[in-house]
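Please find below a note on the model under review.

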Amino acid sequence: MAINDVLSPFRGWKHLFNDPVSIKDPINREAADRYRGFHQNEIQDCIGCGTCEDICQNGAIDMLPVEGVETVEGDSGLRPRIDYGRCCWCALCVDVCTTGSLTMSNLYKWADSDGDAFLFTPGVDAKEWDGEVRGYRRPEGYSLTPHERVEMREVEPEVRIENFEEIAAGYSIEEAIIEADRCVECGLCVATCPTHMAVPDYIAAIRDGDYDEGLRILYDTNPFSQVCGRVCTHKCEDVCATGHTGDPIAIRWLKRHITDQVPNERYAEIVGKPGPATGKSVAIIGAGPAGLTAAFDLAKAGHKVVVFESRKHPGGMLRYGIPEYRLPYDVLDHEIGVIAGLGVDIRCDTRIGTDISMDDLKADYDAVLLTIGLHLGRSTRIPGTEAKGVFKAVDLLREITNGDPVRVPKQAVVIGGGNVAMDIARSLARLQKQKYGKVDMTVTALETLDHFLADADEIRECGEEGINILDARGPQEVMVSRGRVTGLRTWAVTSIFDDIGRFAPHYNEDDECVHPADMVIEAIGQMADVSLLGEDLTEELEWNRGRMLIDKAGRTSLPWLWAGGDAVAGPDVVHAVADGHRMAESITEAFATVEGE
Amino acid sequence: MALFEPDRSQYPDKNPDGTCDIDLTSGKYLKVWQGPNHPGITGNMSVELTVCGDEVVEGITHVGYLHRGFEKLMERRSFIQCFPIVCRICVPEPDFNEYLYAATVEELAGIKVPERAEWIRTLILEMGRINSYLMYLGGQAGAFGLGIVGQWTTYVRDLMLDRFEELTGARIYHMFILPGGVRDGLPEGFKERLEETLQEVERTLKDVHEVMFQNAVFKKRTIGVGYIDPALFEPFGVTGPNARAGGVAKDVRKDQPYLVYDQLEFEPVTDTASDMFARSDVRRRDLLLSVDLVRQILRKMPDEGPIMTKLPNVLHWKIPRGETYLRGECSRGEYGYYLVTDGSGKPRRVNVRGPSYTHAMALLERLIVNVNISDVAGLMVSLHTYPPEIER
């Protein structure tokens, strides 16, 4: 023991007159910028997806309705309520928040005289830290949920323009699993889908590799899953929670993936058998998606179903409107075959009103369902549209499907910015390429490109295929010389709607263009051909602005007649499917009511 | 009488079944419960002492006061949901749990962590080691009445916590190292501020050295006391500073380098005396080594680059069937995580091997016999054990 060991400890006395080492002002000290303090929620950005609730390992978050927040498409109307008796401030909720609305302030302390204040809804229950810009945010480059979509492999534009073969290759199993993995299972898509497909469930089936189960889930709500897996307008993807800070889940492609994976011969077994016969019969006019969906449900309910189709093949607009490169006919045939497999009698080449009258149907069947689609093209009625080289898109598309000889223009202009305009432009472009070796196709529309009604993919693919898109151009005249179309004259559009939202386009007449063309195609909309009803029935029915008046379930003013699909509602396949379900349910209910009486 | 050789004549023989025939009614013995709320140990644990005069004849360790069932809880949670739980297994040095849990998950999931994340992880582990040792020094000195050391070390530990707060967003439970990487990079100006804090740590350690390690009282109370026979290291699973103070240069950082330890220059700190003083001094020097390692890391680590691997969606992250045991050198010795996965979204089994398990239970029972009761607290602290990691 050295003397130093006795003296050394006294050196500590040198600190005797130092200030205390503790933090001088613990009350007002500020936390670091990243400090995980109390929760904040930008209530307008939050969509109530509930991912925060799912990730919370303490069960500290509950999704609850709050006053002033409505349930709308893409927003559940619920908001996270946090229980600070359970929260451990791990911030996983912030990390997985799909919109980035949930953050944390950097406040250290909070005292409240209300003993229940620890249970609160950030952003709704005002707190002193609201609006604090410092605190924990999801750091850049850090993510617990993948944000990037697995891109669909497509046939190269220079190859696909040569033919009508399907463009999208479909996901491989590996690709589908990676894409399916991105789903946060919020279910906002289910609420938005017109036919309420159980999207998270069938995506989970992909992750589990259980394709039979996936197909069964698909057919629960959509007998046109193969079709919708290719051409659905996918409103679900527009509201997908992951789309707020990344790419939305490719729900449509995942649906297609399931249908691709199940061998065709397995469908019948998975889809099931028709129900026990009820003795009731239903006639359906029009073998499009609405009519055939209703047929599927009605057959499953045990009713006898006969579908009358005026054209050579069933499918309606799916066959005669959508080009084969988007929806191959063999896929459609198989899809319809599954429905026919339930005992649905599809009679093609049978035109109601000509071959069979509505009165006959009324007499022979317990209910009649009208799903006749929109097969008459509308005209712009600008000067020159009566000329020989002016066509309606739907007519041309039908001729292409039928394999009729179509006059292939050397130069063509399409009027319209919807999917039909893209379909005809791209179809004719293929024919041009085959016949002349080059594409010379222009699409013009009133809207600016970002307001086109066509899907973004369609517009992109159009561009890739060498089709010229001129947006915000208003057609003024089809130029005709010696009876032949020579071009289309357009003005620049300055506005499309007036102050109260009515269609009233305004033009800049100084900005005039003439697009040379030997064919002009109008693709500005369609209408239903209701001539089959006959005068008496037309008179008897109630109408609303040229469309049959129906109730929510699709029943017209006549108790035996239902109507649905594009002809009364629209605008796409999946809405038609939803219509089909509604009408079938209504018909079955009506049968039960009659029997009950 | 040799102080540290058990004098078996003082206490009764053990029966073949291991029990003792201590006749408490004889008036010769006294039962004393040390703990469970005793400042001599960081956390709640008690030792049931039987004393004869002021000498301990038997000590039975009792744990369970802190049991929160972490391992079982984890079997009911998804892999990402386990990440906020594990840090709570060890309060003073939580980062080892975060790192080892993340590392086992990454190994079984086949994930490679970005290089920058590995450097940041190493930085955090070394900063955590500094904190742990600072807490230890305060406790060890406090056990012998040197309260001022605890005040100093707690102060500098608080400065370290400030740095942790800046870097990780939290002071105690950092929840920063997670499967796939780390949450963020270093904030602006962090390196400079950390260097300032390190200098403060060094200044404080100099003071601590003067009042604690060059202190006749502390030396008298610790030199030769609490001796661990190196022959016990193997059978009792003694690791870390407890073993290094006995001349065994065991250090997982060196023996089986993980993270970026193979890129750092250091030698394990050792001593030979294997008593309380040697253990304290090894820890003090190990703390200085950590300060040096932190400086090396700050100098060598890349400033740019990803901090996180692209993970699958953590909401339904399934990990293939497998099992692994990974270890690291924490301030108390070898810390290990054994993880079994069954292909589902949750761990099938997690076992946390904290060094306190062997040190605080089996080893303490052995060492405590024949120790003066006034030295028991110091002996408990000198093993540097944290009860929460005994009771996962």
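The points below take up confidence, the interface, the domains and some local features.

1. Basis of the note. This is a predicted model, in which local features need pLDDT of at least 70 and side-chain atom pairs count only at pLDDT 80 or more, while totals for chains, interfaces and linings use all residues. Residues are numbered from 1 along each chain as its sequence is written, and chains are lettered from A and ligands numbered from 1 in the order in which they are written.

2. Confidence. The predictor assigns the complex an ipTM of 0.89 and a pTM of 0.88.

3. Interface between the chains. Chain B places 32 residues in contact with 35 residues of chain A; contact is defined as C-beta atoms, placed from the backbone, lying within 7 Å. On the chain B side, two or more residues come from each of α2 (79-86), α5 (147-168), α6 (190-213) and α7 (216-222). Helices here are DSSP runs of H or I with at least four residues, strands are runs of E with at least two, and both are numbered from the N terminus. That side of chain B comprises 17 nonpolar, 6 polar and 9 charged residues, where Ala, Val, Leu, Ile, Met, Phe, Trp, Tyr, Cys and Pro count as nonpolar, Asp, Glu, Lys and Arg as charged, and the others, Gly among them, as polar.

4. Domains of chain A. Chain A is split into domain 1 (39-120), domain 2 (157-270), domain 3 (277-374 + 536-596) and domain 4 (378-524), with bounds from an automatic or database domain assignment. In chain A, 6 residues of domain 2 are in contact with 8 residues of domain 4. The domain 2 side of this contact has 3 nonpolar, 2 polar and 1 charged residues. The centres of these two domains, taken over C-alpha atoms, are 32 Å apart.

5. A472(A), in the loop between β14 (468-470) and β15 (473-481) of chain A, has a positive phi of about 55° although it is not a glycine. M175(B), likewise not a glycine, has a positive phi of about 45° and is found in the loop between α5 and β4 (177-178) of chain B. A472(A) is buried (20 or more other C-beta atoms, placed from the backbone, within 10 Å of its own), with 23 such atoms. M175(B) is also buried, with 25 other C-beta atoms within 10 Å.

6. Helix α3 of chain B. This helix (residues 95-109) has 15 residues and reaches 21 Å from its first C-alpha to its last, close to the 21 Å expected at 1.5 Å a residue; the expected span is 1.5 Å times one less than the number of residues. Of the 15 residues of α3(B), 13 are buried. Just after α3(B), G110(B) adopts a positive phi of about 70°.

Technical notes:
Two residues are in contact if their C-beta atoms, placed from the backbone, lie within 7 Å. A residue is buried if 20 or more other C-beta atoms lie within 10 Å of its own, exposed if 12 or fewer, and partly exposed in between; C-beta atoms are placed from the backbone.
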